Amino acid sequence: MGAYRPGTAIITGGASGIGRALAACLVAGGTYAVLADRDYPAAERAAADLSAGGPGRAVAAELDVTDAAAVHALVDSVAAQRGRLDLMANNAGVLFAGAFEETTDRHWDVAIAVNLRGVVEGARAAYDVMAAQRRGRERAGVILNTASLAGLIPGPTMAPYTTTKWAVVGFSQALRAEARRHGIQVNVLCPGYVDTKLIDEVFEPGPTYAVGRFRANIKALQPRLLTADEVAAAAVRGIERDRPVIPVGGFAQLSWRAQRFAPGVVRQSTRLQAAREARQARRVAHGDADVTG
Ligand code: NAD
């Protein structure tokens with residue numbers, strides 16, 4: 001398969017980070033990309049920037065992926081206006097970090113609503129449109145779901161996040177098998193740590209979560225953060241090669257291999273990580289200033 005150039009794409013969470021970078025990559029290849037984000041002003045700014053570079057075009061759409069009716073309405077209206085939908089990238093996500101005992105109903109509800117149901121509804125909406133637009137044996141469309149390395153290995157002290165990301169990996173692989181007969185390709189993107197605003201914006205952290213801890217702790221695991229552009233390029237390559245799971249970055253690839261072939265190593269490493277973060281939480285509880293060591 002040659003370079004992947006979808007005619008029309010919708011990218012949720014397209015205003016920032018990985019979504020924006022994926023849109024940039026596609027617009028540079030001629031795609032009409034809809035940047036669907038709950039942060040509409042940021043989506044508008046990104047769309048203007050990307051369209052200025054061309055040769056494709058980006059437009060902004062205000063969308064909260066937890067509003068299933070709005071997700072379906074957007075997919076239907078884009079498909080109606082453009083005549084088809086080639087790529088649905090279900091990418092919007094929220095980060096959760098902190099001790100399990102500090103998670104609340106809200107953490108679980110929001111994690112499930114955004115990170116899981118948001119992906120599922122995007123896939124459901126696109127599935128119908130793509131199945132109906134299939135001609136002959138051609139590929140009807142691609143559904144790309146953004147999970148995470150935390151969907152391939154256990155992420156301690158981020159239970160709502162790792163739970164929903166594992167669910168997205170499972171959902172994507174099951175859907176992939178079903179979708180084949182409609183000519184729909186399903187891939188799941190699993191990047192390691194990426195330098196985006198997500199890692200500084202932990203959703204409503206609990207009382208013993210130290211601000212900045214997430215970014216600081218990453219260094220011990222993956223000293224160099226991936227760039228969103230690297231992730232976008234890997235996503236496009238993964239779609240071209242139709243990789244069921246697209247782990248991005250050396251750390252993610254190594255960790256996923258270890259999870260499959262040497263799970264004891266991953267268990268040990270996650271135990272150490274959990275112990276380290278429990279120490280940090282104790283220091284916050286005692287009012288220590290340096291909590292990232
Ligand atoms: P980001 O914060 O830069 O972008 C996320 C975008 O999603 C934002 O524009 C935000 O407004 C939007 N968004 C959040 N909730 C939404 C909602 N309910 N409806 C619509 N839009 C919503 O973060 P990013 O790192 O680019 O994250 C993109 C995806 O990549 C997420 O699913 C994230 O979990 C995943 N991911 C990120 C990393 C990382 O280290 N940054 C690693 C692996 C996976």
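1. Start with the ligand. In this predicted model, one of its oxygen atoms lies 3.2 Å from an N or O atom in the side chain of K197. For Y161, the distance from a ligand oxygen atom to a side-chain N or O atom is 2.6 Å. The side chain of T196 also has an N or O atom 2.6 Å from an oxygen atom of the ligand. On its own, the ligand has 830 Å² of accessible area, and the protein covers 97% of that.

2. Next, the shell around the ligand. It has 29 residues, and the closest are S16, D37, Y161, V194 and T196. By class, 14 are nonpolar, nine are polar and six are charged. Helix α1 (17–27) gives at least two residues to the shell, and so does α5 (159–179).

3. Turn to strand β4, residues 87–90. L87 and A89 lie on one side of β4, M88 and N90 on the other, and all four are buried.

4. What does β4 pair with? One partner is β1 (residues 8–12), parallel to β4 and joined to it by three bridges. Here I11 has A89 of β4 as its bridge partner. Strand β5 (residues 141–146) also runs parallel to β4, with four bridges between them.

5. Follow the chain from β4 to β5. Together with helix α4 (residues 105–133), these strands form a right-handed β-α-β unit. A131 belongs to α4. Is A131 buried or partly exposed? Its relative accessibility is 26%, so it counts as partly exposed; the cut-off for buried is under 20%. A131 is also 131 residues from A262 in sequence, and their C-alpha atoms are 39 Å apart in space.

6. Now strand β6, residues 184–191. Why is β6 described as largely enclosed by the rest of the structure? Because eight of its eight residues are buried. I184, V186, V188 and C190 point one way, while Q185, N187, L189 and P191 point the other.

7. Check the neighbours of β6. Six bridges link it to β5, and the two strands are parallel. Within this pairing, T146 is partnered by L189 of β6. Strand β7 (245–248) runs parallel to β6 as well, with four bridges joining the two. V188 stands opposite V245 of β7. The path from β5 through α5 to β6 makes a right-handed β-α-β unit.

8. Some backbone details need a closer look. Most peptide bonds are trans, and most residues other than glycine have a negative phi. The bond between G54 and P55 is cis, with omega about -5 degrees. P55 sits in the loop between α2 (40–53) and β3 (57–62).

9. For T157 the angle is about 55 degrees. T157 lies in the loop between β5 and α5. For D242 the angle is about 50 degrees. D242 is in the loop between α7 (228–240) and β7. With a relative accessible area of 24%, D242 is partly exposed.

Methods
Residues are numbered from 1 along each chain as its sequence is written. This is a predicted model: local features need pLDDT of at least 70, side-chain atom pairs count only at pLDDT 80 or more; totals for chains, interfaces and linings use all residues. Side-chain values use heavy atoms; hydrogens and water are left out. A residue is near a molecule or strand if one of its heavy atoms lies within 4 Å of it. A polar contact is a pair of N or O atoms within 3.5 Å; within protein, one must be able to donate a hydrogen and the other to accept it, and residues adjacent in sequence count only if both atoms are side-chain atoms. Accessible areas come from the Shrake-Rupley method with a 1.4 Å probe; for residues, only the protein chains shown count as cover. Ala, Val, Leu, Ile, Met, Phe, Trp, Tyr, Cys and Pro count as nonpolar, Asp, Glu, Lys and Arg as charged, and the others, Gly among them, as polar. Buried means under 20% relative accessible area, exposed over 50%, partly exposed in between (1.4 Å probe, protein chains only). Two strands pair if DSSP finds at least two bridges between them. A crossover is right-handed if, with the strands pointing away from the viewer, the path from the first strand over the helix to the second runs clockwise.
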